Amino acid sequence: MPEQDTSAKTKEYYLDTPQECDRFFLKGSGNYDWGMKNRLARIFNPASGKTVMLAFDHGYFQGPTTGLERMDVTIRPLAPHADALMCTRGALRTLMNPEVPQAVVLRASGGPSILKDLSDERIAVSVEDALRLNASAVALQVFIGGTHETQSVHNMTSMVDACNRYGVPVLGVTAVGKELTRDARYIGLAARILAELGASIVKTYYVDDFETVTAACPVPIVIAGGKKLEELEALQMARDAIDRGASGVDMGRNVFQSDAPVAMIQAVRKVVHDGASAEEAFELYRELTSRGV
Ligand code: R5P
């Protein structure tokens, strides 16, 4: 039997104080339900509106990628510096500490290896397993212009339907086939299609005229790092992307293949969250490496 409210205190209804109406900080995300917003606010820092995701899902199609041969050794020290971990369920369950506070963006498409046509992917994780792993989002590759374009679009839209039942955001990854030109026209086409078909976040590559890509995409865009660059160059790419409307980075090789990955991810954070220039962030990188980080 619940106890009666016998408090002697006078009730206070704050009649002169209008109830606060929250405005959600993230582009295109104001009309989602609470759970979806809460998950997005775990991935994107509400203070800066940006995210540093650490991508280490490469093994799902290319096996033991350089830098990821032993993820327990190389990735675990990086995790505390990321806002979100983008990985497969296999890596998460076997190698990552469940006590980490970082959000998880779970790779949810796959199938072909580098030996086959990469565009021939299928859904590789159920929404139930993603929820069991406490994922804050799931990520699917979409191959606009690829041989299996429609199948990959269908993978994403099916997952959007499943995830919308539970308030889980879907990150659509634009994959650029070898034969496709990586320019603003193509990336803009792909990003827009993914957003219109239900992706809550789009991941793509940084290209010239990137501001036209972000302007025409109604959801946040994060950039992949791509092939390993010199550290200063990678930091400059992150700076340019943020200045041209990106909401963060989802970097892999440019972090874990760096000579000093822990220093590099902190330098990336300085660009993304603190508004630092590439040179200022590189200075931090050098200072950290000189201290053996
Ligand atoms: C690619 O298929 C994966 O989603 C990678 O996680 C992604 O490309 C980001 O990694 P990187 O920064 O190494 O390009």
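I began with helices α9 and α12, whose crossing is right-handed. For handedness I used this rule: a crossing is left-handed if the near helix is turned anticlockwise from the far one by less than a right angle, and right-handed if clockwise. Helices (H or I, at least four residues) and strands (E, at least two) are DSSP runs, numbered from the N terminus.

I noted that this is a predicted model, in which local features need pLDDT of at least 70 and side-chain atom pairs count only at pLDDT 80 or more, while totals for chains, interfaces and linings use all residues. Residues are numbered from 1 along each chain as its sequence is written.

**Entry 1: α9 with α12**

I read an angle of about 140° between α9 and α12, with the axes 9 Å apart. Axes are lines fitted to C-alpha atoms, for helices over the stretch in contact, and angles run from 0 to 180 degrees between N-to-C directions. The two helices are therefore oblique to each other. The classes I used are roughly parallel for angles under 35 degrees, roughly antiparallel for over 145, roughly perpendicular for 65 to 115, and oblique for the rest.

I then listed who meets whom: E231, L232, L235, Q236 and R239 on α9 face A278, A281, F282 and Y285 on α12. Contact here means that two C-beta atoms, placed from the backbone, lie within 7 Å. By class, this contact has six nonpolar, one polar and two charged residues. Ala, Val, Leu, Ile, Met, Phe, Trp, Tyr, Cys and Pro count as nonpolar, Asp, Glu, Lys and Arg as charged, and the others, Gly among them, as polar.

**Entry 2: α9 with α11**

Helix α9 (residues 231-243) packs on helix α11 (residues 261-274) at about 25°, and their axes are 9 Å apart. That angle makes α9 roughly parallel to α11. From α9 I found E231, L235, A238, R239 and I242 in the contact, and from α11 M264, A267, V268, V271 and V272. The class count is eight nonpolar, no polar and two charged residues. The crossing of α9 and α11 is right-handed.

I also looked up D240, which lies in helix α9. D240 has 17 other C-beta atoms within 10 Å, so it is partly exposed. For burial, C-beta atoms are placed from the backbone, and a residue is buried if 20 or more others lie within 10 Å of its own, exposed if 12 or fewer, and partly exposed in between. From D240 to V271, 31 residues apart along the chain, the C-alpha separation is 9.8 Å.

**Entry 3: α11 with α12**

For α11 and helix α12 (residues 278-290) I read an angle of about 155° and axes 8 Å apart. That makes α11 roughly antiparallel to α12. On the α11 side the contact uses A263, M264, Q266, A267, K270 and V271, and on the α12 side A278, E280, A281, F282, L284, Y285, L288 and T289. Sorted by class, the residues are 10 nonpolar, two polar and two charged.

E279 is also placed in helix α12. E279 counts as exposed because it has 11 C-beta neighbours inside 10 Å. Its C-alpha atom is 20 Å from that of D208, 71 residues away along the chain.

**Entry 4: ligand shell**

I counted 13 residues around the ligand, of which A55, A224, G225, G252 and R253 come nearest. The elements giving two or more residues to this shell are β10 (248-251) and α10 (253-256). The shell has five nonpolar, five polar and three charged residues. The test was a C-beta atom, placed from the backbone, within 6 Å of the molecule.

Q141 is in strand β6 (residues 137-142). With 25 other C-beta atoms within 10 Å, Q141 is buried. Leaving out residues up to four places away in sequence, Q141 touches S109, E121, S152, V173 and A175.

In helix α1 (residues 34-43), I found M36, K37, R39, L40, R42 and I43 buried. The cover over these residues includes β1 (51-55), β2 (84-87), β3 (103-107) and β6.

**Entry 5: positive phi**

Y14, in the segment before α1, has a phi near 45°, a positive value in a residue other than glycine. Y14 counts as exposed, with 7 C-beta neighbours inside 10 Å. D209 is not a glycine either, and its phi is positive at about 60°. D209 sits in the loop between β8 (201-204) and α8 (210-215), and counts as exposed with 12 C-beta neighbours inside 10 Å.
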